[in-house]
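The following exercises ask the reader to work from a displayed structure to its contacts, step by step. Each task is followed by a worked solution.

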Amino acid sequence: MSSNPDPNIKVGNIGTQFKCTMKKTDPNDNTSLVALDLTGNSALQLEFENPKGKRSVKTGSAVSNPATDGKIQFTDSTGIFDISGRWKVRGVTTYSSGNKFYGTWIGFQVSD
């Protein structure tokens, strides 16, 4: 998974936008990654972990339609960043079958 959080996130910010690209191993070449097809998912989420290890899951949405590019977007409308330090984020997709696909954690800094 790749992510592009704003490099200047501050405690109390509202409106921070995250776009994560979910990727999987290419079935034709086990050494490269390809975008995960998000079509048919019943839930697209971003999971955050604060510096103290507390996790929270936020509902995301597909960035494009069709959702074959693996991109999930979430905009913080409540100010989830309540402490400074190194945070982490990863994408989570749930398919209609109930199977979940967890992305790789990506770290980012939140400052005062």
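The exercises below concern a predicted model.

**Exercise 1. Salt bridges**

Task: Determine how many salt bridges the structure holds, and describe those that involve Glu-47.

Solution. 

Step 1. The structure holds four salt bridges.

Step 2. The partners of Glu-47 are then examined. The side chain of Glu-47 meets that of Arg-55 at 4.0 Å, N to O. Glu-47 also forms a salt bridge with Arg-90, with the closest N and O atoms 2.8 Å apart. This second pair links distant parts of the chain: Arg-90 belongs to strand 10 (residues 85-95) and Glu-47 to strand 6 (residues 41-49), 43 residues apart.

Step 3. Arg-55 has a further partner to consider. Arg-55 forms a salt bridge with Glu-49, and here the closest N and O atoms are 2.6 Å apart.

Step 4. The pairs may now be joined. Glu-47, Glu-49, Arg-55, Lys-88 and Arg-90 are linked in a network of salt bridges.

**Exercise 2. Accessibility of the charged residues**

Task: Classify Arg-55 as buried, partly exposed or exposed, and do likewise for Glu-47, Glu-49 and Arg-90.

Solution. 

Step 1. The cut-offs are needed: a residue is buried under 20% relative accessible area, exposed over 50%, and partly exposed in between.

Step 2. Glu-47 has a relative accessible area of 9%, so it is buried. Glu-49 is at 11% and is therefore buried. Arg-90, at 12%, likewise counts as buried.

Step 3. Arg-55 has 45% relative accessibility and therefore counts as partly exposed.

**Exercise 3. Aromatic residues**

Task: Describe the geometry of the aromatic pair of Phe-48 and Phe-81, and state which cluster includes Phe-48.

Solution. 

Step 1. A search of the whole structure finds seven aromatic pairs. One of them is edge-to-face: Phe-48 and Phe-81 lie 6.0 Å apart, centre to centre, with 80° between the planes.

Step 2. Phe-48 is in strand 6, while Phe-81 is in the loop between strand 9 (71-75) and strand 10; 33 residues separate them, and the pair links distant parts of the chain.

Step 3. Accessibility is checked. Phe-48 is buried at 0%, and Phe-81 is buried at 1%.

Step 4. The wider group is identified. Phe-18, Phe-48, Phe-74, Phe-81, Trp-87 and Phe-108 form one aromatic cluster.

Step 5. Lys-88, a member of the salt-bridge network, lies over the face of Trp-105, at 5.2 Å from the ring centre.

**Exercise 4. The nonpolar core**

Task: State how many residues the largest nonpolar core has, and which strand supplies its largest share.

Solution. 

Step 1. The largest nonpolar core has 18 residues. Those with the most contacts inside it are Phe-18, Leu-46, Phe-48, Phe-81, Val-89 and Phe-108.

Step 2. The contributing strands are listed. Strand 3 (17-21), strand 6, strand 9, strand 10 and strand 12 (106-111) each supply at least two residues. Strand 6 gives the largest share, three residues.

Step 3. Beyond its neighbours up to four places away in sequence, Leu-46 touches residues including Phe-18, Ile-72, Phe-74 and Val-89.

**Exercise 5. Strand 9 and its partners**

Task: Identify which residues form the covered face of strand 9, and how strand 3 and strand 8 pair with it.

Solution. 

Step 1. The covered face of strand 9 consists of Ile-72 and Phe-74, and the uncovered one of Lys-71, Gln-73 and Thr-75.

Step 2. Strand 3 and strand 9 run antiparallel and are joined by five bridges. In this pairing, Phe-18 has Phe-74 as its bridge partner in strand 9.

Step 3. Strand 8 (residues 61-62) pairs with strand 9 over two bridges, also in the antiparallel sense. Ala-62 stands opposite Ile-72.

Terms used:
Residues are numbered from 1 along each chain as its sequence is written. This is a predicted model: local features need pLDDT of at least 70, side-chain atom pairs count only at pLDDT 80 or more; totals for chains, interfaces and linings use all residues. Side-chain values use heavy atoms; hydrogens and water are left out. Buried means under 20% relative accessible area, exposed over 50%, partly exposed in between (1.4 Å probe, protein chains only). Helices (H or I, at least four residues) and strands (E, at least two) are DSSP runs, numbered from the N terminus. Rings of Phe, Tyr and Trp (its six-membered ring) pair if their centres lie within 6.5 Å; planes under 30 degrees apart count as stacked, over 60 as edge-to-face and the rest as tilted. A charge sits over a ring if NZ of Lys or CZ of Arg is within 6 Å of the ring centre and within 35 degrees of the ring normal. A nonpolar core is a set of buried Ala, Val, Leu, Ile, Met, Phe, Trp, Tyr and Cys residues joined through side-chain atoms within 4.5 Å. Contact means heavy atoms within 4.5 Å. Two strands pair if DSSP finds at least two bridges between them.
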